[in-house]
Amino acid sequence: MTRTLTPPRPRRRLRAISLATVTAVVLAAGVAATSAQAAGSTLQAAAAESGRYFGTAIAANKLSESAYTTIANREFNMITAENEMKLDATEPNQNQFNFTNGDRIVSWARSNGKQVRGHTLAWHSQQPGWMQNMSGSALRSAMLNHVTQVATHYRGQIHSWDVVNEAFADGSSGARRDSNLQRTGNDWIEAAFRAARAADPNAKLCYNDYNTDDWTHAKTQAVYNLVRDFKARGVPIDCVGLQSHFNSQSPVPSNYQTTLSSFAALGVDVQITELDIEGSGSAQADNYRRVVEACLAVSRCTGISVWGVRDTDSWRASGTPLLFDGNGNKKAAYTSTLNALNGGSTPDPDPEPGDGCTVTVSRANEWGDRFNVSLAVSGSSTWRVSIGLQGAQSLQNSWNATVSGTSGTLTATPNGAGNNFGITVYKNGSTNLPTATCSVP
Ligand code: G3I
């Protein structure tokens with residue numbers, strides 16, 4: 001059974017205001033504000049409009065880097081330790097626990113008013129050597145002790161725990177992944193969840209996995225059946241984490257929203273826990289938009305976390321899968337994500353003359369004499385964007401739109417490539433971001 005639920009709070013729609021022409025005022029920071037609604041100007045603010053969070057993975061050894069923490073603090077309000085709460089980090093020797101780096105991340109998050117996802121209590125991977133060499137009832141006891149000790153240490157400070165990570169096999173079998181934990185008995189997952197509930201009764205308890213985004217995949221169905229069984233038998237489980245690592249081999253599936261709504265219909269929250277999408281430009285931006293729109297359409301999809309801050313922070317850095325480039329600039333994917341969170345890219349089912357549009361502008365790649373500007377329109381598929389070049393700036397190139405003019409004010413209109421387009425601007429002495437306003441002709 002699948003059902004699609006409406007979002008937790010009614011979204012404010014641009015249509016209801018029926019603005020006549022110009023609706024966007026672009027601020028110097030490259031963020032659009034509209035007179036139709038108080039659009040969130042950061043990812044966390046935009047997500048909060050519908051009661052959701054927007055998070056990222058954080059690495060403890062980057063907390064001293066201000067370029068990194070500035071972005072992380074401004075944009076995200078849910079923090080996951082990328083590696084620091086894993087088994088090898090927290091229990092390097094049996095019964096000797098080390099929370100130093102995990103605590104650093106929790107402390108940074110909480111002192112900046114953010115919540116924390118715990119990742120992860122029981123996993124076949126990144127086990128300390130002593131655990132890798134264990135089996136049977138000794139391993140089962142050691143695993144449960146680990147769950148209890150770590151969840152107790154962080155009791156009251158964790159929004160959600162990935163209690164068990166990646167316990168199912170890839171491919172068409174729908175079977176459990178073979179591992180030393182699995183070989184302790186099929187009930188190891190529920191035992192871990194019961195231990196986590198006992199240690200931290202207020203944390204939400206999640207099962208987290210990858211390649212569980214396509215509703216038709218055997219692995220997705222296997223996780224669905226596990227959750228359904230847990231709910232039927234009263235095994236404590238509150239949420240399912242979809243890691244959602246996407247690339248050309250594993251693209252955003254067309255049935256992604258069905259997967260989210262189907263899990264939600266079991267009575268658990270759904271969290272997108274490790275989102276990254278390899279690619280660049282408008283294709284990547286469009287994929288991020290699709291993921292956000294799918295989450296917003298499912299009321300129990302309660303938040304999205306990306307797996308890192310800048311492309312260079314990513315475990316898949318060469319695939320440039322994140323929302324900020326290595327220099328900390330907002331990418332087109334950032335803009336489309338922000339717009340989607342603000343509801344701007346929700347297709348208008350009943351477009352009328354006089355409906356407005358908004359445009360956001362952000363700086364992209366930069367070279368000595370020129371830089372790229374990404375523009376993303378929302379609210380209408382027919383639009384005219386006036387771009388105000390700064391000083392003596394001039395147009396060098398454009399893509400995904402028809403652009404007229406070369407200096408001063410440019411005019412951009414759709415060329416069939418969608419609502420995300422870009423220009424390359426010769427600086428000619430000014431590095432200021434051009435302004436842009438959107439109108440519906
Ligand atoms: O800290 C050491 C450093 O001292 C050493 O010099 C260096 C070279 O070997 O390795 C460093 O540790 C690496 C660690 O990342 C920190 O960068 C480990 O080798 C490396 O294995 C580890 O990779 C992590 C990976 O999980 C391990 O499975 C990635 O950072 C982390 O992003 C990734 O995250 C996983 C999630 O936990 C679960 N879902 C998939 C996701 C991506 O693989």
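Colleague: Which residue in β17 is the bridge partner of Thr402?
Modeller: That partner is Thr413 in β17, where strands are DSSP runs of E with at least two residues and helices are runs of H or I with at least four, both numbered from the N terminus. Before we go on, this is a predicted model in which local features need pLDDT of at least 70 and side-chain atom pairs count only at pLDDT 80 or more, whereas totals for chains, interfaces and linings use all residues. Residues are numbered from 1 along each chain as its sequence is written, and side-chain values use heavy atoms, with hydrogens and water left out.

Colleague: And how many bridges hold β16 and β17 in their pairing?
Modeller: Three bridges, in the antiparallel sense, with β17 covering residues 409–413; two strands pair if DSSP finds at least two bridges between them.

Colleague: What sheet do they sit in, and what is the strand order?
Modeller: They belong to an open, antiparallel sheet of four strands in the order β16-β17-β14-β19. Its edges are β16 (402–404) and β19 (435–439), each pairing on one side only, and the twist averages 20° from one strand to the next, with axes fitted as lines to C-alpha atoms (for helices over the stretch in contact) and angles running from 0 to 180 degrees between N-to-C directions.

Colleague: What is the order in the sheet that contains β12?
Modeller: That open sheet runs β12-β13-β18-β15, again four strands with antiparallel pairing.

Colleague: Which helix lies across β12, β13 and β18?
Modeller: Helix α11 (residues 332–341) does, running at about 20° to β13 (370–378), with contact meaning heavy atoms within 4.5 Å.

Colleague: Switching to the ligand, which residues are closest to it?
Modeller: The closest are Glu82, Lys86, His119, Gln126 and Glu274, out of 13 residues that surround the ligand, each with a heavy atom within 4 Å of it.

Colleague: You listed His119; what kind of peptide bond joins His119 to Thr120?
Modeller: A cis bond, with omega about 5°, and Thr120 is found in strand β5 (residues 115–123).

Colleague: Where does Ser244 sit?
Modeller: Ser244 is in the loop between β8 (239–242) and β9 (245–246), and has a positive phi of about 60° although it is not a glycine.
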